[in-house]
Structure formats: structure tokens, C-alpha cells
Amino acid sequence: MNMIGNSELSVFPLCLGTNIFGWTADQRQAFEVLDAFTGGGGDFLDTADSYSAWIPGHSGGESETIIGAWMASRGTRDDVVLATKVGGLPGRKGLSGPNIRMACEDSLRRLGTDHIDLYWAHYDDPETPIGETLEAFDTLIREGKVRYIGASNFGPERLAESLQISRREGLASYIALQQHYNLVERELYEGPLAKVVADNGLSSIPYYGLARGFLTGKYRTGSVVESARAAGAAPYLESERALAVLEALDEIAEARDVEVAAIALAWLAAQPTVAAPIASARSVEQVSALLDSAELTLSEAELVLLNAASA
Ligand SMILES: NC(=O)c1ccc[n+]([C@@H]2O[C@H](COP(=O)([O-])OP(=O)(O)OC[C@H]3O[C@@H](n4cnc5c(N)ncnc54)[C@H](OP(=O)(O)O)[C@@H]3O)[C@@H](O)[C@H]2O)c1
């Protein structure tokens, strides 16, 4: 188990992403995935009020509703660390105080719980004073509706400013950053953003751990993958660096006799500041690679090989 930042939240070192619940996984498949993940020791779930609002006919909240139904049917609320987000749902966008309060009530209702363990600001909101956002989060924490807060998709300056305001005003403070980071997208995080996270004792909980499926190794030049995610993953085949990463992953996965996906996630988990990478799975088979990653510790030589290929 890993601790998140300086908080008392301790989590399985791989977080299950659930943006695909209600999208590429229907409720039955989602229940199977959740059963397999928790059955294998996983406890950390990531959702958002806006999942899966981008699907025609959906209004958002579908993923939260499925998780709520699963927790009710299995009686597992107290066995999971539940993270959801505010700020990205059409009609409930932004981080104003009133919006956060209303969005939180909606999420609690859909999830069928009285508290959220980790509540993420989904996107920075330059239109709202940072103090207003933090005051709203602070009130929710004092009311017991939220345990901890995190920042997602924030730049280094605004994250640092938020942390400074929390300290100065004595308000609740972000304990973690959720951002795009994986073996084929290192520069987005490594550098100033990682420095703010490290300097302030936060943890990184990176998303797109599998580069939307590319880092599972199923996308190969000349092959066609049947997946709703293909448009986001296949373009990496045009990148020489991404192909070099695949070659290094193949070599290590073969030597270790595990799936490529498990190695890609183990690399991410080994990076400084990372407490738990996020990856999603739409079937029980896919979950097993995610669980395997949590058991793996890459050797120094394996890390050097992957670092060189992805540099
Ligand atoms: N904060 C934010 O703004 C933000 C943004 C994006 C995502 N997220 C979070 O991060 C989570 C993960 O993101 P993501 O699902 O978009 O990307 P991802 O984890 O990089 O890719 C997951 C996809 O890879 C495929 N896959 C997974 N395991 C596999 C295996 N063992 N073998 C073959 N294919 C496998 C599945 O797609 P197919 O089977 O359909 O190919 C799955 O949906 C989300 O669920 C969400 O919680 C947060």
C-alpha cells in the first residue's frame, strides 16, 4: 500500500480508472471489472461527475452511478478509496463555490455514499478566485462530505499558488496532482510540474497510464485494433520514440513473462512522486495485467532501458 502525499490515505499502488464505465464497458462488464480488481487486492477507484458525458445520449454521471450500484450490491463502500471530480461536467463546469457544493451533492447521490475520499478539482478554473475554490472544499471537508482534495490538470504556477493560499489562509490543501503522464508522454510532467509536487510533499496520480491502450502493445504497424480508444492510441505508431518504447517493453515483458501493459505501469509506478498510476480496463482479462503491475519491481537495468527508449 502507498500513502498519498502527507495524508492518511493509503491505497493499492494501482488506481482503477472508470471513465469507460457506461462507455466501452456496460454495467455488467463494469461489475465484473470491479469484482476482479477488488478481488485481486485493488481498492483505489477514480471516477468523475463528467464520465461519460461525451457519449451521445449521455448526460454525465453514468460512471458514478454504476460504481454506486456496485458498492450497494456488494456492500463494499468501506473497502474502497473513492475518488471523483468536479468541474468538467457540462452544466456544472468550473470551480466556483456554489458549483462545487451542488456538484458534490450530485456525486454523493449518484455514488450512494455520504462521503468522497478524494475529491479532485478536474481542471483549473482561472475565472474563479483560488481562495473561493479552496474555501468551498474546506467547508465540505469540515462537514465530513469529503476527506481530502486533489488538483487535476493544473499547471505548476497555479498549483504552487493554490498550495500557498491554503497555507496562508489555513484552508484545506491539495494532497495530490492528477495529470497526463506515461512512457510516451514524459515531458508533460517531468520538469516544473513534478518539482512543485515533490517540493510540497504531494503525490502524483497519473492518468492515461497505458496511453489509451498503446502501451499494452496491441497496436502494431499494419494491424487494426477493434477499440473505441483506437483513434487516441494508434497515432503513437507514427512516432519513432514510441516504437522504441514498445521494443524495450517487449523485451522486458518477454523476459519476465508478463504483459507489456504491466511493465508500462510498473515503470510509471517507479517514478519519483508517483503513488499510484491510473489505468482502466473493460474486461477481467485486462484487469489481470493491471494487478500484475502492482507486484512488479523493475530492476535498475530495466529502468535504464525504458528511460533511454522514452527520452
Ligand atoms: N483527470 C483527467 O482529466 C483524466 C483524463 C483522462 C483519464 N483520466 C482517468 O484515467 C483513467 C485511465 O484513462 P484511460 O482509460 O483513458 O486510458 P488508459 O488507462 O491509458 O488506457 C486504458 C485502455 O487500454 C485498454 N487496455 C487496458 N488494459 C489492457 C490490456 N491488458 N490489454 C489490452 N488492452 C488494454 C482498454 O481499452 P480497449 O480495450 O477499449 O482498447 C482500456 O480502456 C480514466 O478511467 C480516468 O479515471 C483522468
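Residues are counted from 1 along each chain as its sequence is written, and side-chain values rest on heavy atoms, with hydrogens and water left out. As the model is a prediction, local features need pLDDT of at least 70 and side-chain atom pairs count only at pLDDT 80 or more, while totals for chains, interfaces and linings use all residues.

Empty space comes up by rolling a probe the size of a water molecule over the atoms. The search runs on a 1 Å grid over the protein atoms alone; a cavity is a set of points where a 1.4 Å probe fits but cannot get out, and a pocket is an open set with protein on both sides within 12 Å along at least five of seven lines. Grid points are joined across faces, edges and corners, and a volume is the space filled by probe spheres set on the points. On those terms, the structure has one cavity of 30 Å³ or more, and the largest cavity holds about 50 Å³. Its lining (residues with an atom within 4 Å of a point) consists of Leu95, Asp124, Asp125, Thr128, Ile130, Thr133, Phe154, Arg158, Ser162 and Tyr174. Helices H4 (130-142) and H5 (156-169) each put at least two residues into that lining; helices (H or I, at least four residues) and strands (E, at least two) are DSSP runs numbered from the N terminus. Sorted by class, the cavity lining has four nonpolar, three polar and three charged residues, where Ala, Val, Leu, Ile, Met, Phe, Trp, Tyr, Cys and Pro count as nonpolar, Asp, Glu, Lys and Arg as charged, and the others, Gly among them, as polar.

Phe154, one of the cavity-lining residues, sits in the loop between strand S9 (146-152) and H5. With a relative accessibility of 4%, Phe154 counts as buried (under 20% relative accessible area is buried, over 50% exposed and in between partly exposed, with a 1.4 Å probe and protein chains only). Neighbours within four places in sequence aside, Phe154 is in contact (heavy atoms within 4.5 Å) with Leu95, Ala121, Tyr123, Asp124, Leu159, Ser162, Tyr174, Leu177 and Leu193. Gln178 is 24 residues from Phe154 in sequence, and the C-alpha to C-alpha distance between them is 8.4 Å. Phe154 also belongs to a cluster, linked by ring pairs, with Tyr119, Phe137 and Tyr174.

H7, strand S12 (278-280) and helix H10 (284-295) each supply at least two lining residues, and H10 has the largest share with four. By class, the pocket lining splits into 20 nonpolar, 16 polar and eight charged residues.

Now for the rings. The whole structure has ten aromatic pairs. Tyr51 and Trp54 make an edge-to-face pair, because their ring centres are 5.8 Å apart and their planes stand at 70 degrees. Rings of Phe, Tyr and Trp (its six-membered ring) pair if their centres lie within 6.5 Å, and planes under 30 degrees apart count as stacked, over 60 as edge-to-face and the rest as tilted. Tyr51 is buried at 11% relative accessibility, whereas Trp54 is partly exposed at 41%. Phe214 and Tyr236 form a tilted pair, 5.3 Å centre to centre with 40 degrees between the planes. Phe214 belongs to the loop between strand S11 (203-204) and helix H7 (230-233) and Tyr236 to the loop between H7 and helix H8 (240-256), so this pair ties together parts 22 residues apart in sequence. Phe214 is buried at 0%, and Tyr236 is buried at 12%.

A cis peptide bond, with omega about 5 degrees, joins Tyr51 and Ser52; Ser52 is in the loop between strand S4 (44-46) and helix H2 (62-74). Tyr208 is not a glycine, yet its phi is positive at about 55 degrees. This residue is in the loop between S11 and H7 and is partly exposed at 28%. The charged end of Arg212 sits over the Tyr208 ring, 4.2 Å from its centre (NZ of Lys or CZ of Arg within 6 Å of the ring centre and within 35 degrees of the ring normal). Asp257 likewise has a positive phi, near 60 degrees. Asp257 lies in the loop between H8 and helix H9 (260-269) and is exposed at 71%.
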